[in-house]
Amino acid sequence: MTFLSRFLLSGLALAGLYTAPDVAAQSVNRAKQPANRTSASQGVTQYVDPFIGTGFHGHVFLGANVPFGAVQLGPTLLGPMGLADGWDWCSGYHNTDSLMIGFSHTHLSGTGIGDLGDVLIMPTTGPVHLTKGMPRNSQSGYASHFSHSNEIARPGYYRVKLDRYNIDAELTATERVGMHRYTFPKTSDAHILIDLEQGIGWDKSIDTKLEKVNDSTLVGYRFSKGWAADQRLYFAIVLSRPVANFALYNDQTAASGTSLTSAKTKGILSFATKADETVLLKVGISPVSSANALANIRAELPHWQFDQVRSNANASWNRELGKVQATSSDRARLTTFYTALYHTMIAPSIFNDHNGDYRGTDKKVYLKAPFTNLTTFSLWDTYRAANPLYTLLQPQRMGDMVNSMLAIYEQQGSLPIWPLMGNETNTMPGNSSLPIISDAVLKGIPGIDANRAYAAMKASAMRDPRGLKFVRNLQFIPADSMVESVAQGLEYAIDDWAVAQVAKKLGKADDYAYFSKRAKAYRHYFDPTTKFMRGRVSETAWRTPFSPVESRHMKDDFAEGNAWQYTWLVPHDVEGLMTLMGGEQPFTKKLDSLFVVKAKMGAEASNDITGLIGQYAHGNEPSHHITYLYAYVGQPWKTADKVRYIMDSLYSARPDGLCGNEDVGQMSAWYVLSAMGFYPVNPANGAYVFGSPVFDAITLQLPDNKSFSINVRNNSARNRYIKTMTLNGKPYTRSYIRHQDLLNGGTLTIDMSDKPSSTWGTAPADRPKSIY
């Protein structure tokens, strides 16, 4: 999905160097957890299994955090060849690995590129080691084997036993502070290693500092370069006991004094411990200063009650996850659902201090911002479903997300493409902040200045880089001018449609006409002879040779896909695409073919193209809306067939329960919305297309103390087709529902059947539309 072999490293080929752990042990471990894990008092967090997605190519974060928290405190594993940078290790963890090198305070979740991994801390005993070791000789460094049977992961909590050192490590967190609790054996050689060199994947330290302030407080910073080119993270560490001995190292060379600045600063805290003695650490982080990091600790965690912090973190997750109450006798289904919802709330993550200070993309410090600044926006992925989900369940945070994007625009002169830790990575096609902002403005998300937002949208759409110059001048991007020209052009058409709708809302008629015309530019990529989207080199010539199934990663006209998959990427004008194909019948026939055509994509295809059903690729985002297109031709039962199959076959409550990169919540958001029974085909037109709900009942807690309930009768694996509906007691025949209908509150009752309905959702007046 988003990135894979765009930056594919050696992890897949080298994974065989590891002795495969007992993956089933993770399930055994969950069964061993305390009984109150499944008690009613635990709320819906009892259904969250953070191990889901840690296998195959899910790349999810595993560790302790709170919803949207700045801290993602979790394990970092050694990785293939000791590099900690294999593709499947890009979040720092993969369940085929059993060598731990420590606990880092920042992690990505499902991006496909490794970065972050800031401020790694590792408790040890015995001789001091300053390197992490290698897989076949882990004793040469500080790495420790662990068993998955000795791991526990719950929302806001992680625990593991480090076998080499006989140390139990526990982690929990507040928004900006990670808390560690280490239980040591009796020893005169207990240590805590702070390794400021180590990062994840591409992340390389360039300037680091560690300073001892007093016998229990350290401060410093870690500046690094990786996928995000200029990352600046400050930290403060407070210990629950005095440090008997403090040693500093520049890489492996000892340094004198109580402070060291170097590219590879490391610190060793040493002391003696009694049997089962606990040592606690509080680690605050800040994008601004170590003083602010220390202030974050004082504001968020002024005490040493680890169990209270863990309980508070669990309560935070229950509050957010509990905004959706699902009813089902299928516990595995509930686990898959609530874990998916959990994964949508790992990021975007907070990127400011408790007092509101943050560092912008211009590297300037902005004091006491009136909004919560956020980072880690995988916009090309999340605009499709995750952000529409936030507008429904997280309207306040959605306002913060948009205001964070607008601040970035004012700092760098354009809206973000893929911002990370105060950097623009310019990753993936399109300008995907535009449909997100448009959707938020059109839905009236509070706290957004619509005119300010529109100014940023228009200015960003009128720039030259990344193919926009060709869009403005030619209406298409010539295939010989850049790679991924069709992917770029189709995404820009979606973006331009979004700009046009805000222009219309604000009464800007000329702009509305201009951007509406640009939104039709997808037609320039459609070849009426082959009936596929393809690259063109001029107004009269197509790129040749052409194969609708071949995919050549970062070498052809598509981004992690082929023509079969990208031909449907017109969610803003399905009717127009239908016309290009010759009408409803040819459209439907081709759509049917998508799911049955089997052909190899070639040796250079991206490994991101996973979860294949014919040529449909559920493991990559451009396909996510396609199953719902059947509703536009009055055949909603085909959507029901496809979405049920995907939910049952490509998602599960196992470590390999995701068929591709999590992509910062998008893969999971598709499941959350689809399991509830609907999906935003056009992510900015305020409508959701019905599919096939899997729960007996769903209740959404909405703003203004309102709720929307969906009661599903006669639901089963066999009864997957919607037969009839009533909305607040009145017959409802449309195969879609508007966002405002949900916000109004009420009850939707759905009757299911084992046979497709010949009447519900089939009439032209009941079908979804691109514009309402």
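Tyrosine 651 and tyrosine 671 are both buried (under 20% relative accessible area with a 1.4 Å probe, protein chains only; exposed is over 50%, partly exposed in between). The model is predicted, so local features need pLDDT of at least 70 and side-chain atom pairs pLDDT 80 or more, while totals for chains, interfaces and linings use all residues. Residues are numbered from 1 along each chain as its sequence is written, and side-chain values use heavy atoms, without hydrogens and water.

Rings of Phe, Tyr and Trp (its six-membered ring) pair if their centres lie within 6.5 Å; planes under 30 degrees apart are stacked, over 60 edge-to-face, the rest tilted. The count is 29 aromatic pairs. For tyrosine 651 and tyrosine 671 the centres are 4.9 Å apart and the planes at 45°, so this pair is tilted. Tyrosine 651 lies in the loop between α17 (636-649) and α18 (666-676) and tyrosine 671 in helix α18, so the pair ties together parts 20 residues apart in sequence. One aromatic cluster is formed by Tyr628, Tyr651, Trp670, Tyr671 and Tyr679.

A charge sits over a ring if NZ of Lys or CZ of Arg is within 6 Å of the ring centre and within 35 degrees of the ring normal.

| Charge | Ring | Distance to ring centre |
|---|---|---|
| Lysine 282 | Tryptophan 304 | 4.1 Å |
| Arginine 536 | Tryptophan 542 | 4.3 Å |

Helices (H or I, at least four residues) and strands (E, at least two) are DSSP runs, numbered from the N terminus. In β8, eight of eight residues are buried. Strands pair if DSSP finds at least two bridges between them. β8 runs antiparallel to β7 (residues 167-173), with six bridges, and antiparallel to β17, with eight. Histidine 180 has leucine 281 in β17 as its bridge partner.
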